[in-house]
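Please keep the sequence and the 3D view open while reading.

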Amino acid sequence: MNNWSSHLINGALIVGTAALGLVVVHLIARRVLAWVHTLRRVREARRQQLVTLVQTTQWILVVLLVVSALLMLLSEFGVDITPLLASVGVAGLAVSLGAQSLIKDLIGGILIIIENQYAVGDSIVVGSVSGEVERITLRTTQVRALNGDLYVVPNGEVRVLANQTRDWARVVIDVGVAYEENLDHALSILEEGTAAFARHPAFEPDLLEAPQVLGVHSLGDSAVMVRIVAKTQPGKQWATGRALRKSLLATCEQEGVSLPYPRQEVWVRAVQAEDGRAVEE
């Protein structure tokens, strides 16, 4: 009788401790979620990532507490849990061997969310896949390419990543100037054109710094390549680059600066035939 009373008391303590642990986990998760929702400088996509991470962590802790309490109760009432633990260990080993890629994807997803490597709406490049992130789960990332294709990338396969819309971006433009042109004059025209572009009210908000003419970048077959760079808001580099190219083309045409294009020249030589007639060769 005393043994059963002791077992019941110990069992009640185990259940009470587990219940207290569940309450503590629930309260902490609720406080963290409330804190996440009060963050003002966090984008909505990032907020959803943090909420998913908190909910996943809460679920894992609840499962661990419940399973631990059940095992302790069985042990307290004289049930030998050694075979059960051995069976669970074997089953866990078999599952882990058969689901290595799944576990790798889950761990990769957790790290992506914790480190904030990218969020929904970012433009990224992962291997041969590039596009806008539409959805992030713990296992996969869905990327929409420019042509509309939807790529599903396992998070465990994200090794080398390029985030094209984080913090700031840069436009890099190479303008070809004909060898016949006065290079100093062409550079001054390009500098005037980039300065006028930076002052334009339609493009000024997207620029973090005025475009810079760095100078001669390379010597091509038919042109001297001049490099121009501009620092822009994240995600604005493509539209700014298109507008800057159009503006520079108009400026060069207006100022008479020749921008060459690949062409072939054919030379025709006249030779004297045996009968004295001129023959083109």
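Accessible areas here come from the Shrake-Rupley method with a 1.4 Å probe. On that basis, the protein chain exposes about 18,600 Å², and carbon and sulfur atoms supply 59% of this area. The model is predicted.

**Overall make-up**

- The protein chain holds six helices and 10 strands.
- Of its 281 residues, 29% are buried.
- Taking contacts in the protein chain between residues at least 6 apart in sequence, 60% join residues at least 24 apart.

- Strands of a sheet pair through backbone hydrogen bonds, in either a parallel or an antiparallel way.
- In this chain, five strands form an open sheet in the order 4-3-2-1-5, with antiparallel pairing.
- Strand 4 (150-154) and strand 5 (161-163) stand at the edges; each has a single partner strand, so one side of each is left without a neighbour in the sheet.
- Neighbouring strands of this sheet are turned against each other by 40 degrees on average, direction ignored.
- Strand 2 (residues 129-136) pairs with strand 3 (residues 140-144) in the antiparallel sense over four bridges.
- E132 stands opposite R144, a residue of strand 3.

**Helix 6**

- Helix 6 (residues 237-255) has 19 residues, which at 1.5 Å a residue should span 27 Å; the C-alpha atoms at its ends are 26 Å apart, in agreement with that figure.
- The buried residues in helix 6 are Q237, T240, G241, A243, L244, L248, T251 and C252.
- Cover for these buried residues includes strand 6 (169-177), helix 5 (183-199) and strand 8 (224-232).
- G256 follows helix 6 and has a positive phi, near 80 degrees.

**T194 in helix 5**

- T194 lies in helix 5, one of the elements that cover the buried residues of helix 6.
- Is T194 buried or exposed? Its relative accessibility is 3%, and buried means under 20%, so T194 counts as buried.
- Leaving out residues up to four places away in sequence, T194 touches P211, V213, I228, L244 and L248.
- Two of these partners, L244 and L248, are among the buried residues of helix 6.

Terms used. Residues are numbered from 1 along each chain as its sequence is written. This is a predicted model: local features need pLDDT of at least 70, side-chain atom pairs count only at pLDDT 80 or more; totals for chains, interfaces and linings use all residues. Side-chain values use heavy atoms; hydrogens and water are left out. Helices (H or I, at least four residues) and strands (E, at least two) are DSSP runs, numbered from the N terminus. The expected span of a helix is 1.5 Å times one less than its number of residues. Buried means under 20% relative accessible area, exposed over 50%, partly exposed in between (1.4 Å probe, protein chains only). Contact means heavy atoms within 4.5 Å. Two strands pair if DSSP finds at least two bridges between them. Axes are lines fitted to C-alpha atoms, for helices over the stretch in contact, and angles run from 0 to 180 degrees between N-to-C directions.
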